[in-house]
Amino acid sequence: MLSFEAAKARLETAGQSHVLQFWSELSAEESSALLEEISQLKPEDLLEHCRAAVEAASRHSSADGRLDARMEPVPPEFIGSVRKSDKERLKMWGDEGLLQISQDRVAVLLLAGGQGTRLGVSYPKGMYNVGLPSGKTLYQIQAERIQKVQELANVKHGCRCTIPWYIMTSEFTLGPTEKFFRDNEYFGLCPANVVMFEQRMIPAVGFDGKIILEKKNKIAMAPDGNGGLYRALVDNKILEDMERRGVEYLHVYCVDNILVKMADPVFIGFCVNKGADCGAKVVDKAYPAEPVGVVCRVDGLYQVIEYSEIQPETAELRGPGGELLFSAGNICNHFFTRGFLKEVAEKFESQLKQHVAIKKVPFVDGEGNLVKPTKPNGIKMEKFVFDVFHFSKKFVAFEVLREEEFSPLKNADGAPLDTPTTARRSLLAQHYRWALAAGGNFLDEQDKPIPPKHSMAQNEDPPAICEISPLVSYFGEGLEKLLKQKNLKSPFLLDENEAKNLLQTT
């Protein structure tokens, strides 16, 4: 650990000596914690970080550099689509994906560094239970999907394969996530194949370029965004672990999407078939002004343009068939080859764009009193995972159905969208559709038939409650032999035990 003198010299070099202003008031334990924090900060990096934060904040609200005139949609030859592809093509891609999975060449990587602040909870989002009949959390649902897709590959190819699960956490989420997995016995996965690692934390900076102290002995820190992945892969030797395991393809996603298809064989197969080094799942924008980023090309290079960066008249542009010209909504669901990740981490990480978030950051004033500001006072810098698209040599996009693959959990109930209620509704509506497609019939509590409804509005609950365990079905496959012509009483929970019972009565 650094000595006080070394810490003081380091901070003076970076112009941040105020960090030690309360040193004489600290206990031995508090002093030790502060020195440990300072030891993680290199003077030259800190100096550049603070300078860049102030500079970025000063141009944050400027309207220069409009991108509209330089934007163009992803060319059709680089887009795959679930909706527009025939069954044979989808099967071909799915078979390719299962083949790669069977050969232990596929891993999934979860971006789980954020806290559930907007959700109104103090623990990691993956631990959240949205109120399903089973009571399962996001982490459990995702773990079971990994087990099921491994099983599908095993059955098809007569092997025993493994999909490693890499989970990028932050200082805030690592401890609780590790404990949650241990307490739940890793949801049936082998602990050696669940690899947790921590992304970097970086200081919040005031408008004067000075690091903000949140306590007398603690710097206000924040994760460096999901684009901190590329630095974390190197810092934690994750790329070496992937190479040792023989992993060649990565499915990277965010924790809060309750409909995410883990290591989706169709998406993996499409990207491999196209020879892509980088790919993004997209959904059709629901309406021109929908607040989602758009995957497109700018000056011939692929990137995601935030909705706030696009003028309304550009968002309204239509193609020859009346479809939105810029319709490829980004859902933070990506494909990367290990080689591409390695190249980005080693060559391009320092070139990633720094995004600015102006926040209200609690701090201690000159007298040591805690202050909770009523207006923004700090700059948090972050990188985004998708800002590597323009380094790709072969980029592809894959359009999926929103109702089947995208329902994020971001806000507490009471907000109009992306709440526990909307996430739960999305999953239950999907499983209800699967059960109907398999030939099941639903009954109410009085054993009266519930008329089937094959399409529902986004804000509409399905007529019957049906939850299907990922351990029973991944895509909705294999359900006909269980549910065809069966009367299913709502609420209906199809777990492994119920599946066995239904097979015995067939």
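I count a contact when heavy atoms come within 4.5 Å. This is a predicted model, so I keep that in mind throughout.

**Domains.** I looked up the assignment first: domain 1 covers 4-60, domain 2 covers 68-404 and domain 3 covers 427-505. For domains 2 and 3, I get 30 Å between the C-alpha centres. On contacts, 21 residues of domain 2 touch 16 residues of domain 3.

**Buried area.** The two bury about 1600 Å² between them, with 64% of it on carbon and sulfur atoms. On the domain 2 side, P133, K148 and E404 supply 30% of the area buried against domain 3, more than any other three residues.

**Polar side.** I find seven residue pairs in polar contact across this interface, and the salt bridge count is one. That bridge joins the side chains of R433 and E404, at 3.0 Å from N to O.

**Who lines it.** Which elements give two or more residues to the domain 2 side? I noted helix 5 (138-157), helix 9 and helix 12 (402-405). Helix 5 gives the most, with seven residues. By type, I have eleven nonpolar, two polar and eight charged residues on that side.

Most non-glycine residues have a negative phi, and most peptide bonds are trans. I then checked D104: phi is positive, about 60°, in the loop between helix 4 (87-102) and strand 3 (106-111). A263 also has a positive phi, near 50°, and is buried at 1% relative accessible area, whereas D104 is partly exposed at 29%. Last, I found a cis peptide bond between S490 and P491, omega about 0°; P491 sits in the loop between strand 23 (487-489) and strand 24 (492-494).

Terms used: Residues are numbered from 1 along each chain as its sequence is written. This is a predicted model: local features need pLDDT of at least 70, side-chain atom pairs count only at pLDDT 80 or more; totals for chains, interfaces and linings use all residues. Side-chain values use heavy atoms; hydrogens and water are left out. Helices (H or I, at least four residues) and strands (E, at least two) are DSSP runs, numbered from the N terminus. Buried means under 20% relative accessible area, exposed over 50%, partly exposed in between (1.4 Å probe, protein chains only). Domain bounds come from an automatic or database domain assignment. Buried area is the accessible area (1.4 Å probe) that two parts lose on being put together, summed over both. A salt bridge is a side-chain nitrogen of Lys or Arg within 4 Å of a carboxyl oxygen of Asp or Glu. A polar contact is a pair of N or O atoms within 3.5 Å; within protein, one must be able to donate a hydrogen and the other to accept it, and residues adjacent in sequence count only if both atoms are side-chain atoms. Ala, Val, Leu, Ile, Met, Phe, Trp, Tyr, Cys and Pro count as nonpolar, Asp, Glu, Lys and Arg as charged, and the others, Gly among them, as polar.
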